[in-house]
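User: I'd like to go through this structure with you before I set anything up. Could you take my questions as they come?

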Amino acid sequence: MTDDSEGDGAWASLFSGGKDSSWALYRALEDGLNVTRLVTVHPSDDSYMYHVPATNLASLAAESIGIDLLEIDPDDFGAAAATDSAAQGDAELEPLEAALGELPSLTGVTAGAVESEFQTSRIEAMCDRLGIDLYAPLWQRDPVTLAEEMLDAGFEILIVQVAAAGLDESWLGRRLDADALDELLALSERYGVHPLGEGGEFETLVVDGPHMARPIELEWERVWEGSRGHLRVTDAWLG
């Protein structure tokens with residue numbers, strides 16, 4: 001794994017539209033990597049390997065960023081019924097690996113992994129099989145520092161799903177700003193909520209940032225299911 005690769009080769013960015021993959025992309029562009037393709041996997045249901053919420057908005061993000069998007073629509077992974085997590089994670093990577101293998105002159109991929117050894121080890125192994133590099137600038141960084149860096153850079157981050165004690169319906173549709181980060185740190189002390197939602201406590205969508213020419217505008221409604229919930233986006237466009 002590398003976090004400072006250089007060169008003129010073509011890079012692909014594993015991209016969901018959420019804050020972590022968006023930050024990895026932004027850092028790659030800032031470091032001069034030639035990112036020529038965003039790659040989004042659209043799980044039809046639960047997934048061990050991929051961000052699930054609002055990936056259908058990746059095409060708007062790609063248009064704003066100005067980089068071509070490769071979209072992968074695999075069959076249902078069957079994650080909810082999986083009994084072997086290792087085998088499930090390996091199986092979920094297969095359509096991504098096949099798609100990346102078709103990209104010409106690929107030097108490497110960017111990934112927004114922070115702490116998940118389960119996901120990162122599999123992405124590293126995939127890169128080894130493909131003979132490409134992995135750029136993972138968030139890997140094992142302090143999560144609070146990362147969040148502060150995202151906000152300082154001008155990322156506008158919307159919380160689109162929550163699933164953790166302490167995160168109630170009011171968090172849906174909330175911007176992840178300095179005040180929200182302070183509250184998340186308090187919730188981390190009390191309930192163990194990860195400041196970046198690394199354990200799936202919350203999921204996000206980056207609606208604007210310095211790498212985007214136009215913001216993503218949304219109309220949405222909250223869907224609450226007792227202890228967890230998500231935003232149902234009813235309309236989306238570039239401002």
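Predicted model: local features only at pLDDT ≥ 70, side-chain atom pairs only at ≥ 80, totals over all residues.

User: Where does Pro 43 sit, and how far is Pro 43 from Ala 58?
Analyst: Pro 43 is found in the loop between strand 2 and helix 2. Pro 43 and Ala 58 are 15 residues apart in sequence, and their C-alpha atoms are 13 Å apart in space.

User: Buried or exposed, that proline, and what is Pro 43 in contact with?
Analyst: Pro 43 counts as buried because its relative accessible area is 10%, under the 20% cut-off. Leaving aside neighbours within four places in sequence, Pro 43 is in contact with Tyr 50, His 51, Val 52 and Phe 77.

User: Switching to His 211, where is that one, and what does His 211 touch?
Analyst: His 211 lies in the loop between strand 7 (202-208) and strand 8 (216-224), and with a relative accessible area of 10% this histidine is buried. Not counting residues up to four places away in sequence, His 211 touches Ser 22, Leu 25, Tyr 26, Leu 29, Ser 64, Ile 65, Phe 155 and Val 206. Ser 64 and Ile 65 are also among the buried residues of helix 2.

User: Now charges: how many salt bridges does a search of the whole structure find?
Analyst: The search finds eight salt bridges. One of them joins Glu 97 and Arg 129, whose closest N and O atoms are 2.7 Å apart. Glu 97 lies in helix 3 (residues 85-101) and Arg 129 in helix 4 (residues 117-130), so this pair ties together parts that are 32 residues apart in sequence.

User: How accessible are the two partners, Glu 97 and Arg 129?
Analyst: Glu 97 counts as buried at 18% relative accessibility, whereas Arg 129 is exposed, with a relative accessible area of 52%.

User: What about Lys 19, which residue does Lys 19 pair with?
Analyst: Lys 19 forms a salt bridge with Asp 20, where the closest N and O atoms are 3.1 Å apart. Lys 19 is buried at a relative accessible area of 3%, and Asp 20 is buried as well, at 14%.

User: And what is the N to O distance between Asp 31 and Arg 27?
Analyst: The side chains of Asp 31 and Arg 27 meet in a salt bridge with an N to O distance of 3.8 Å. Asp 31 counts as partly exposed at 34% relative accessibility, and Arg 27 is likewise partly exposed at 22%.

User: Last topic, the surface: which residues form the negative patch?
Analyst: The negative surface patch is formed by Glu 115, Asp 142, Glu 148, Asp 152, Asp 177, Asp 179 and Asp 182. Helix 5 (143-153) and helix 6 (178-191) are the elements that give two or more residues to this patch, and the place of Asp 182 is in helix 6.

How values were computed
Residues numbered from 1 in each chain as written. Heavy atoms only, no water. Patch = residues over 30% accessible without salt bridge, like charges linked within 9 Å, V, L, I, M, F, W, Y side chains within 5 Å. Areas by Shrake-Rupley, 256 points an atom, 1.4 Å probe, with all protein chains shown as cover. Salt bridge = Lys/Arg side-chain N within 4 Å of Asp/Glu carboxyl O. Lys, Arg positive; Asp, Glu negative; His and termini not counted. Charge placed at Lys NZ, Arg CZ, Asp CG, Glu CD. Helix = DSSP H or I, 4+ residues; strand = E, 2+ residues; numbered from the N terminus. Buried < 20%, exposed > 50% of the residue type's maximum accessible area, 1.4 Å probe, protein only. Contact = heavy atoms within 4.5 Å.
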